Amino acid sequence: MDGEQTPGGRRRGIYILPNLFTTLGLFAGFYSIVAAGRGQFGPACIAVFVSIITDGLDGRVARLTGTETDFGAQYDSLSDMVAFGVAPALLVYDWSLQHLGKVGWLLAFFYAAAAALRLARFNTQPQVYGKKYFQGLPSPSAAALVTSAVWAGHSYGFPDWAGMPLALLVAVGGGGLMVSNFRYYSFKDFDLRGRIPFFAAVLIAIGIAVVSTDPPLVLLGLFMSYAVSGPVLTLHRRRRLRQGRRAG
């Protein structure tokens, strides 16, 4: 293993463990594209959520094991583009937007382009709002929003008149929120190595149980709520700032 240091102090070389999770996420995103093209929307949606889980693990594993590298960061970003940009865009296109013809694939492209811009902005401006908040809807959350909508629509057999507005909402809305300046809570202050109250552990167990009752619908509700939280949080903060200026 190459232990040489870069001028910035980061290690060169490829570490197996964190990049294994990244490769798994890339594979799941690619599989989602293939499955969606075959009309297998259930497995395609599950594959995207597998990518989301592995994306949350690879960075944490790298930090915990001290195996962060420039290669790993770039590889993770490229994998995210496939799993959270291209895969959800083609998933929602194959499920519903294809019925709009040229407009449909342009809307799907808009989502994919927004994901690329979101990832590029995150790589170059990671700390605009500090570690506690993200600037714009994170691409994994946007992918989860689109994917859960398709999953719910497919599971419940939404007719075209019901599926089309939902597809438009999550594709256009998710893409727009990714490139917006709304701030979203990052949950980065949640320490997996630290202790949590017993009550919090109970709530986590209850949350898992609730999700298991109807994963597509519950996940759609959760990520729809998170998507809305950004504008609400930002507008509330701006209102408080205006009130503070008037009071001063």
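This is a predicted model: local features need pLDDT of at least 70, side-chain atom pairs count only at pLDDT 80 or more; totals for chains, interfaces and linings use all residues.
Local features need pLDDT of at least 70, side-chain atom pairs count only at pLDDT 80 or more, and totals for chains, interfaces and linings use all residues. Residues are numbered from 1 along each chain as its sequence is written, and side-chain values use heavy atoms, with hydrogens and water left out.

Start with helix α3, residues 70-95. Helices here are DSSP runs (H or I, at least four residues), numbered from the N terminus. The 26 residues of α3 reach 37 Å from first C-alpha to last, close to the expected 38 Å. The expected span is 1.5 Å times one less than the number of residues. α3 bends by about 30 degrees at Ala-87, and Pro-88 follows within four residues. The bend is the angle between axes fitted to the seven residues ending there and the seven starting there.

Now find Leu-119 in helix α4, residues 102-124. Leu-119 is buried, at 8% relative accessible area. Buried means under 20% (1.4 Å probe, protein chains only). Beyond neighbours within four places in sequence, Leu-119 is in contact (heavy atoms within 4.5 Å) with Ser-77, Asp-80, Met-81 and Ser-139.

Next, look at α2 (residues 41-65) and α5 (residues 139-155). Their axes, lines fitted to C-alpha atoms over the stretch in contact, come within 9 Å and cross at roughly 155 degrees. That makes the pair roughly antiparallel, a term for angles over 145 degrees. Residues making the contact include Phe-49 of α2 and Trp-151 of α5.

Definitions and conventions
Helices (H or I, at least four residues) and strands (E, at least two) are DSSP runs, numbered from the N terminus. Axes are lines fitted to C-alpha atoms, for helices over the stretch in contact, and angles run from 0 to 180 degrees between N-to-C directions. Angles under 35 degrees count as roughly parallel, over 145 as roughly antiparallel, 65 to 115 as roughly perpendicular and the rest as oblique. Buried means under 20% relative accessible area, exposed over 50%, partly exposed in between (1.4 Å probe, protein chains only).
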